[in-house]
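Here is my note on the model, point by point. Please read it with the structure open.

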Amino acid sequence: MTATAGTDEDVQTSVAVIGMAARIPGVADLDAFWAALLAGRDLITRPASGGGYGAVADPHGFDPAFFGVAPRDALMLDPQNRVLLECAWEALEHAGYDPHTYPGAVGVYAGSGETDHLAALRSRRDRFPGVTDDQLRLAAGRDFLTQRVAHTLDLRGPAVTVHTGCSTSLVAVHLACQALLAGDCDMALAGGVTLRGTTDAESGDDLLSPDGRCRPFDADADGMVGADGAGIVVLKRLSDALEDGDHVDAVLRGSALSNDGSDKVSFTAPSVAGQAAAVRSAHLVAGVGG
């Protein structure tokens, strides 16, 4: 779409989404995902044993030579790192920017799911002769997720790895917006990835729907449905995006973080009042309502 300014203040305090990439169960790309949404297609894999899981196709199809990664290092690297790196490159490509020639600082804000990859590496030490335990930790550790992207793509902005319960990607977007508006970077990648790689990775979890179907806001809802996936957006200050002639997919006018303390429905469920307060805060930041 073509973005138009409301007021000078709106432009100066808003952030533009100028690129994106994702790995989504059951589809090849974002266009196919949108078509599936319009058609109401079910993208969940349903094993014969029951339940369901959103499985991403070919999570191991990484091209190490393209990214300048040594074959042995690529073999050790957590698939979450590999897929997020691929999405980061694709998102920048979608935005029309080469990170090696872009003159500004590009930040990375993202997080990943928790896996047993380090334990798997240690159980196969025979495949990695001469590799130290510290090297295995670097290949599998969640803390190095964004630094890996920044190092490989030569990004010079902040590289911040985010971990929150069930909100990592959204918090990453919020932090990236704040960094852009504060001048910490000129463009930012924000998102997250979770790859467990098995359709029954969470079988037996009482939070999951027994028949593998998610029914939000429905009296028959009986649980969640697990899934793998990844997503990244490329963010830029709206004023800069308009000046540079970027294609603007969306405009973020405000966001907010909240925490309910002990006032929760349960430890894993937020309170209604806390969620309402967060929405009001985001609207106030955006200048919507009062």
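1. Start with the salt bridge between aspartate 186 and arginine 237, at 3.0 Å from N to O. The model is predicted. Aspartate 186 sits in the loop between helix H8 (168–182) and strand E5 (187–194), and arginine 237 in strand E7 (residues 229–237), so the pair ties together parts that are 51 residues apart in sequence. Aspartate 186 is partly exposed at 26% relative accessibility. Arginine 237 is buried, because its relative accessible area of 16% is under 20%.

2. Other charged pairs deserve a look. The count comes to 16 salt bridges. Arginine 46 meets aspartate 42 at 2.5 Å, N to O. Arginine 46 is partly exposed, with 30% relative accessible area, and aspartate 42 is also partly exposed, with 43%.

3. Aspartate 126 and arginine 124 form a salt bridge at 3.6 Å, N to O. Aspartate 126 is exposed, with a relative accessible area of 59%. Arginine 124 is partly exposed, with 41%.

4. Next, the aromatic pairs. The whole structure holds 4 of them. Phenylalanine 66 and phenylalanine 67 pair edge-to-face, with 5.0 Å between centres and 85° between planes. Phenylalanine 66 is partly exposed at 47% relative accessibility, whereas phenylalanine 67 is buried at 13%. Tyrosine 97 and tyrosine 102 also pair edge-to-face, at 5.3 Å and 80°. Tyrosine 97 is buried at 17% relative accessibility, and tyrosine 102 is buried at 15%.

5. Ring pairs also build a cluster. Its members are Phe62, Phe66, Phe67 and Trp89.

6. How many residues of H4 are buried? The answer is 13 of its 17, leaving the helix mostly covered. H4 spans residues 79–95 and reaches 24 Å from its first C-alpha to its last. That is close to the 24 Å expected at 1.5 Å a residue.

7. Check both ends of H4. At its start, a side-chain oxygen of aspartate 78 comes to within 2.9 Å of the backbone nitrogen of glutamine 80. Just after the helix, glycine 96 has a positive phi of about 90°.

8. Last, a surface feature. Trp34, Leu37 and Leu38 form a nonpolar patch, with about 380 Å² of accessible area together. Leucine 37 belongs to helix H2 (residues 30–39). Its relative accessibility is 47%, which counts as partly exposed.

Definitions and conventions:
Residues are numbered from 1 along each chain as its sequence is written. This is a predicted model: local features need pLDDT of at least 70, side-chain atom pairs count only at pLDDT 80 or more; totals for chains, interfaces and linings use all residues. Side-chain values use heavy atoms; hydrogens and water are left out. Patches are made of residues with over 30% relative accessible area and no salt bridge: like charges are joined within 9 Å, nonpolar side chains (Val, Leu, Ile, Met, Phe, Trp, Tyr) within 5 Å. Accessible areas come from the Shrake-Rupley method with a 1.4 Å probe; for residues, only the protein chains shown count as cover. A salt bridge is a side-chain nitrogen of Lys or Arg within 4 Å of a carboxyl oxygen of Asp or Glu. Helices (H or I, at least four residues) and strands (E, at least two) are DSSP runs, numbered from the N terminus. Buried means under 20% relative accessible area, exposed over 50%, partly exposed in between (1.4 Å probe, protein chains only). The expected span of a helix is 1.5 Å times one less than its number of residues. A polar contact is a pair of N or O atoms within 3.5 Å; within protein, one must be able to donate a hydrogen and the other to accept it, and residues adjacent in sequence count only if both atoms are side-chain atoms. Rings of Phe, Tyr and Trp (its six-membered ring) pair if their centres lie within 6.5 Å; planes under 30 degrees apart count as stacked, over 60 as edge-to-face and the rest as tilted.
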